[in-house]
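Trainee: Please show me how to read side-chain contacts in a model.
Mentor: Let us go through them one feature at a time.

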Amino acid sequence: MLTIPVYDVAVIPHATIYLSREYYKRMTGVEAKAGAEVVFLFEKNDTPYNELNADSFEAIGVSGEVTESNVNDYVAIKTGDRVNVKAVTVENHMISAETTERPDLDDLTPDEEKAALKRVKDGLLNALQYFQGG
């Protein structure tokens, strides 16, 4: 599977990420093609690409699939689920990873979810009251 190392980037499951075609090719070593499966690997530290090694990455990544490679120089990737990163190999400045599915976890009870959502809504409403039209 093609890998895309990232640092300090929010990669959210089940969203669309846009990358430049140049960046995609530099990270994966190949031209983007619709249907290509990728995995985003999260770097532990901001490390130059040529210094990355198997220990440079977190144990959790995010899967994805290229949905569009546009002539206007961007690549659209629909992210999938979180994955467990079992092994990373770096050879000739190319990164490959062995991953397994990671089950979704219900981190909060329904009551905790409602309480957290209420706090967010209240905070937003409170902040908006200082803006014209809020």
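**Salt bridges and an aromatic pair**

Mentor: Four salt bridges are present in the structure. A salt bridge here is a side-chain nitrogen of Lys or Arg within 4 Å of a carboxyl oxygen of Asp or Glu. This is a predicted model, in which local features need pLDDT of at least 70 and side-chain atom pairs count only at pLDDT 80 or more, while totals for chains, interfaces and linings use all residues. Residues are numbered from 1 along each chain as its sequence is written, and side-chain values use heavy atoms, with hydrogens and water left out.

Trainee: Which residue forms a salt bridge with Arg 21?

Mentor: Arg 21 meets Glu 31, at 3.6 Å from N to O. The pair links distant parts of the chain, 10 residues apart: Arg 21 is in helix 1 (residues 21-28), and Glu 31 is in the loop between helix 1 and strand 3 (37-43). Helices (H or I, at least four residues) and strands (E, at least two) are DSSP runs, numbered from the N terminus.

Trainee: What is the distance between the closest N and O atoms of Glu 31 and Lys 25?

Mentor: The salt bridge between Glu 31 and Lys 25 has its closest N and O atoms 3.1 Å apart. As for accessibility, buried means under 20% relative accessible area, exposed over 50%, and partly exposed in between (1.4 Å probe, protein chains only). Arg 21 is partly exposed at 26%, Glu 31 is partly exposed at 41%, and Lys 25 is partly exposed at 40%.

Trainee: Where do Asp 122 and Lys 118 lie?

Mentor: Both lie in helix 2 (residues 110-128), four residues apart, which is about one turn of the helix.

Trainee: How many aromatic pairs does a search of the whole structure find?

Mentor: The search finds one aromatic pair. It is formed by Tyr 18 and Tyr 74, edge-to-face, with 5.7 Å centre to centre and 70° between the planes. Rings of Phe, Tyr and Trp (its six-membered ring) pair if their centres lie within 6.5 Å; planes under 30 degrees apart count as stacked, over 60 as edge-to-face and the rest as tilted.

Trainee: Which parts does the pair of Tyr 18 and Tyr 74 tie together?

Mentor: Tyr 18 lies in strand 2 (residues 16-20) and Tyr 74 in strand 5 (residues 74-91), so the pair ties together parts 56 residues apart in sequence. Tyr 18 is exposed at 54% relative accessibility, whereas Tyr 74 is partly exposed at 27%.
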